[in-house]
Amino acid sequence: MMNSFTPIVHDDNIRAMRRFVVVGNRAKASPRFKLDSLGASGGRMDVLVRCVRAAMLIADGVRRDTLLDLLLLGGENAPLTLRLDGRTARFLRPDERRNALTIQQALAARHPGADEEIVAPGITAMPMDLPALLAGLQEPLFVLARDGVDLRRQPFAPRSSTFIIGDDRGLMPEQMNLLRSMGAIAVSLGPTELHTEDAITLVHNELDRRWIE
Ligand SMILES: C[S@@+](CC[C@H](N)C(=O)[O-])C[C@H]1O[C@@H](n2cnc3c(N)ncnc32)[C@H](O)[C@@H]1O
């Protein structure tokens, strides 16, 4: 459904998109969480909100070549995927509270029972769980896991890629099994267990360096 937030894509030069899918196994799919208590009231919504800054922002603006799918699997209205699109996103800030408010307002703008719906500039809500979301993707899948292939040794074609990342508790065994069955390649960022948003930063950094080099 299109509405007044229908995107206008200005940058026709982007050929390869980076997509990050963050699986929030408890993150609330409704706006009923408190900005002062994102973790406890939002099912660790704080983790997902920090991913907004890490995935979408650079020091002087928005990463236009990036999509961030926040998979919200907690509470009423779940499952729901919020897709942030760097080509059209607005109102994203380095400030965690401001981004939490943007996510909350996007969730509040959704019409109950609606199918795919643009709920804010550059943010689309889709009633999709992980299998449905992955089924619609064409690009190669990578799952971030400590026991995977070293990211630095993993070849990447200069084309769109999707990276799937767990929340504070990581991906569930059935989610890992699904990803394996779909041929997802596990890539590791080293032996240290990192926060979700830091894992995104390291992937961006590796890809930034490769394309510059
Ligand atoms: C806080 S960690 C999850 C920790 C959880 N106890 C586990 O064992 O998966 C969040 C996510 O970041 C990614 N991650 C963290 N450290 C990583 C590493 N060293 N290599 C690859 N991915 C990592 C994984 O996708 C993980 O699910």
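Ser30 lies in the loop that links β1 (18-28) to α1 (38-42); helices (H or I, at least four residues) and strands (E, at least two) are DSSP runs numbered from the N terminus. The model is predicted, with local features requiring pLDDT of at least 70 and side-chain atom pairs counted only at pLDDT 80 or more, whereas totals for chains, interfaces and linings use all residues. Residues are numbered from 1 along each chain as its sequence is written, and side-chain values use heavy atoms, with hydrogens and water left out.

Ser30 has a relative accessibility of 3% and therefore counts as buried (under 20% relative accessible area; exposed is over 50% and partly exposed in between, with a 1.4 Å probe and protein chains only). Residues up to four places away in sequence aside, Ser30 touches Glu76, Asn77 and Leu107, contact being defined as heavy atoms within 4.5 Å.

Leu107 also belongs to the contact between helices α2 and α3. Helix α2 (residues 45-56) packs against helix α3 (residues 96-109) at an angle of about 105°, and their axes are 9 Å apart. Axes are lines fitted to C-alpha atoms, for helices over the stretch in contact, and angles between N-to-C directions run from 0 to 180 degrees. The two helices, α2 and α3, are therefore roughly perpendicular to each other (65 to 115 degrees; under 35 is roughly parallel, over 145 roughly antiparallel and the rest oblique). On the α2 side the contact is made by Met45, Asp46, Val49, Arg50, Val52 and Arg53, and on the α3 side by Glu96, Asn99, Ala100, Ile103 and Leu107.

Gly86 occupies the loop between β5 (80-85) and α3. Its relative accessible area is 0%, so Gly86 is buried. Among the residues that Gly86 touches, not counting those up to four places away in sequence, are Met56, Val62 and Arg63. Gly86 and Leu68 are 18 residues apart along the chain, and their C-alpha atoms are separated by 8.2 Å.

Leu141 is part of strand β8 (residues 141-150) and, at 9% relative accessibility, is likewise classed as buried. With residues up to four places away in sequence excluded, the contacts of Leu141 include Leu134, Thr162, Ile164 and Met182.

Around the ligand there are 17 residues, of which Leu144, Leu189, Gly190, Thr192 and Leu194 come nearest; a residue is near a molecule if one of its heavy atoms lies within 4 Å of it. A nitrogen atom of the ligand lies 2.9 Å from a backbone N or O atom of Leu189. For Gly190, a polar backbone atom is 2.8 Å from a nitrogen atom of the ligand.

How values were computed. A polar contact is a pair of N or O atoms within 3.5 Å; within protein, one must be able to donate a hydrogen and the other to accept it, and residues adjacent in sequence count only if both atoms are side-chain atoms.
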